[in-house]
Amino acid sequence: MSHHQPDPNKSVTLTIDGIPVTVPEGTRILEAAKKANVNIPTLCEHPDLCKRALCRICVVEADGRGKLIAACANDVWEGVSIVTTNQRLLNIRKTIIELILANHPQECLSCIRNKKCELQSLALNFGVGGSLFENDVGERPPQIESETLVRNMDKCVKCGRCVEVCQEVQTIRAINTSHRSHEYEISTPYKQALEESFCTFCGKCAEACPVGAIYEHDQTAEVRAALAAGQKAIAQISPALAAAVNDELALAADTITAGKLVTAIKLLGFEKVYDAAIAANAVNSEIEGEVQKRGNGSREKPQVTAKLPVISGCSAGADKFVKNFYPDLADHLTTVKSPRRYFASVIKSNYAKEAGLDSSSVTSVSFLPCLAHKYGAGIKDENDFALTAGELARMLKLAGIVVETLPEKAFDSVNVDLPKQGSCLQASLVKKETIHGYAQARKVMEAICEGKCDAEWVEILNCPGDNPC
Ligand code: SF4
Ligand code: SF4
Ligand code: FES
């Protein structure tokens, strides 16, 4: 195998299980196999992360000599013949799965990732019902980290995805691996609580985890308890929620609509369901007003005195990011709440007033796909929860509500005048820069420190991609 820099303009021809394929130089065996419609099983591999080759589930034979190599970590080479399935490979993969299961709690039915766990699917596909090896799981209970994340290291399969996404994709470096073998765990430096670490609660580690080792802190029981205690519950749902619930329930896209969710959430016992999209314009307008106030009507004021650009975020994690890494920029942070919190307080006081209730008897729940919104929810106000699409799906299943069969209902209307974005000429001239993810945020924060950012408003969105929530 050559080790020169691959040239993607050159083609390589090889065979995968006897099927000839031609792919650009530098293509991994895993991807070449996909092109030949051959599926090689994987566990540690993640399409958006670097090659780690830790689990060896994807081993294949190369070159007809029985040489074993990891398909996820090796590129193809000219003329190679790859074998992806035979009895030997099957036995190797089964043994790896059995060894992992020997170190894994046998509690799939009660696991939050049941039916969505990559280890469980592998075990099913390879017919591994349990492990031949003695199960030697220790006694480490889940660590409830915060209202956002839970870690259960007994379930960790040591794939390293979470660490890589935190360190390389988000550049936060809040978590790392420590110890080996039984003691192996994903931990913060000096085992600090996540709140005290650099963690921004972006939730990307939980999204990357193939099993139930890092996951959202499920608060459905707390919401059910509030309803049972006679609290009046109101909800806001984000425009992207319906798509995320379809995904959670493994339904075709568009099966569940926002209108069906309104009906379903009311069946759960909620009094009102509002459209969270309304908040965005109002919050934008408030921040534009703040930009103008800080600039004191003049665009010439030096950045340092005017504290421009104003920095805002879609979740409270963005504030933590700025305070942790760029404390000198802390007074650039907006004083306006995040759209979720802003709207939660609007709908709560609006509903309490309409219903003639004290707001302490109203519980507000925001249903948003991204678990980053859980961070900071309920800190100042105990009757404020942020639940993910997964938590909503679990509440609906538990209540036996089959959302797809329900009629649609309209959102409830908020009877207050909210500020409208661009409502004055000045505001619409605000120069805004929107940032996706913390790696990009870091670059922009550095530009602000060096006086090289000419935006008047910098908005940090939690996710590196374009995922709306
Ligand atoms: S939530 Fe985000 S910042 Fe925190 S540990 Fe996970 S990936 Fe890192
Ligand atoms: S916690 Fe999850 S993502 Fe992280 S190493 Fe363990 S199994 Fe992999
Ligand atoms: S998927 Fe290739 S080594 Fe884990």
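## Close-up views of a predicted model

Among contacts in the chain between residues at least 6 apart in sequence, 69% join residues at least 24 apart. The legends below walk through a predicted model, one close-up at a time.

**Figure 1. The whole chain, to get your bearings before zooming in.** The chain holds 15 helices and 17 strands. Of its 469 residues, 42% are buried.

**Figure 2. An open sheet of three strands, ordered β13-β17-β16.** The pairing in this sheet is parallel. Strands β13 and β16 stand at the edges, each with a single partner strand, so one side of each has no neighbour in the sheet. On average, and ignoring direction, neighbouring strands here are turned by 20° against each other. To follow the pairing by eye, start with strand β13 (residues 310-313), which is joined to β17 in the parallel sense over four bridges. Here you will find I311 opposite V458 of β17, while G313 has I460 in β17 as its bridge partner. Next, look at strand β16 (residues 432-436), which pairs with β17 in the parallel sense over five bridges. In this pairing T434 stands opposite E459 of β17.

**Figure 3. Strand β17 (residues 457-461), seen on its own.** Five of the five residues of β17 are buried, so this strand is largely enclosed by the rest of the structure. Its side chains can be sorted by the way they point: W457, E459 and L461 go one way, and V458 and I460 go the other. Note that E459 is buried along with the rest of them.

Figure 4. Helix α11 (residues 316-325) lies across β13 and β17 and runs at about 135° to β13.

**Figure 5. Helix α9 (residues 277-295) against helix α12 (residues 339-355).** Two packed helices are described by the angle between their axes and the distance between the axes. Here α9 and α12 pack at an angle of about 105°, with their axes 9 Å apart. That angle makes α9 roughly perpendicular to α12. Which residues of α9 and α12 meet? On the α9 side they are I278, A279, A280, A282 and V283, and on the α12 side P339, Y342 and F343. Sorted by class, this contact has eight nonpolar residues, with no polar and no charged ones.

**Figure 6. An open sheet of four strands, ordered β12-β11-β14-β15.** Pairing in this sheet is parallel. The edge strands are β12 (272-275) and β15, and each pairs on one side only. Neighbouring strands of this sheet are turned by 20° against each other on average, with direction ignored. Helix α12 lies across β11 (232-237), β12, β14 and β15, running at about 145° to β14.

Figure 7. V365 stands opposite F385 in β15, and F367 stands opposite L387. Which way do the residues of β15 point? D384 and A386 point one way, F385 and L387 point the other way, and all are buried.

**Figure 8. The surroundings of ligand 1.** Thirteen residues surround ligand 1, and the closest are C166, I172, C199, C202 and C205. Helices α4 (161-169) and α5 (204-208) are the elements that give two or more residues to this shell. By class, the shell around ligand 1 divides into nine nonpolar, three polar and one charged.

**Figure 9. The surroundings of ligand 2.** How many residues surround ligand 2? There are 14, the closest being C156, C159, C162, C209 and A213. By class, the shell around ligand 2 has 11 nonpolar residues, one polar and two charged.

Notes
Residues are numbered from 1 along each chain as its sequence is written. Chains are lettered from A and ligands numbered from 1 in the order in which they are written. This is a predicted model: local features need pLDDT of at least 70, side-chain atom pairs count only at pLDDT 80 or more; totals for chains, interfaces and linings use all residues. Axes are lines fitted to C-alpha atoms, for helices over the stretch in contact, and angles run from 0 to 180 degrees between N-to-C directions. Angles under 35 degrees count as roughly parallel, over 145 as roughly antiparallel, 65 to 115 as roughly perpendicular and the rest as oblique. Two residues are in contact if their C-beta atoms, placed from the backbone, lie within 7 Å. Ala, Val, Leu, Ile, Met, Phe, Trp, Tyr, Cys and Pro count as nonpolar, Asp, Glu, Lys and Arg as charged, and the others, Gly among them, as polar. A residue is near a molecule or strand if its C-beta atom, placed from the backbone, lies within 6 Å of it. A residue is buried if 20 or more other C-beta atoms lie within 10 Å of its own, exposed if 12 or fewer, and partly exposed in between; C-beta atoms are placed from the backbone. Two strands pair if DSSP finds at least two bridges between them.
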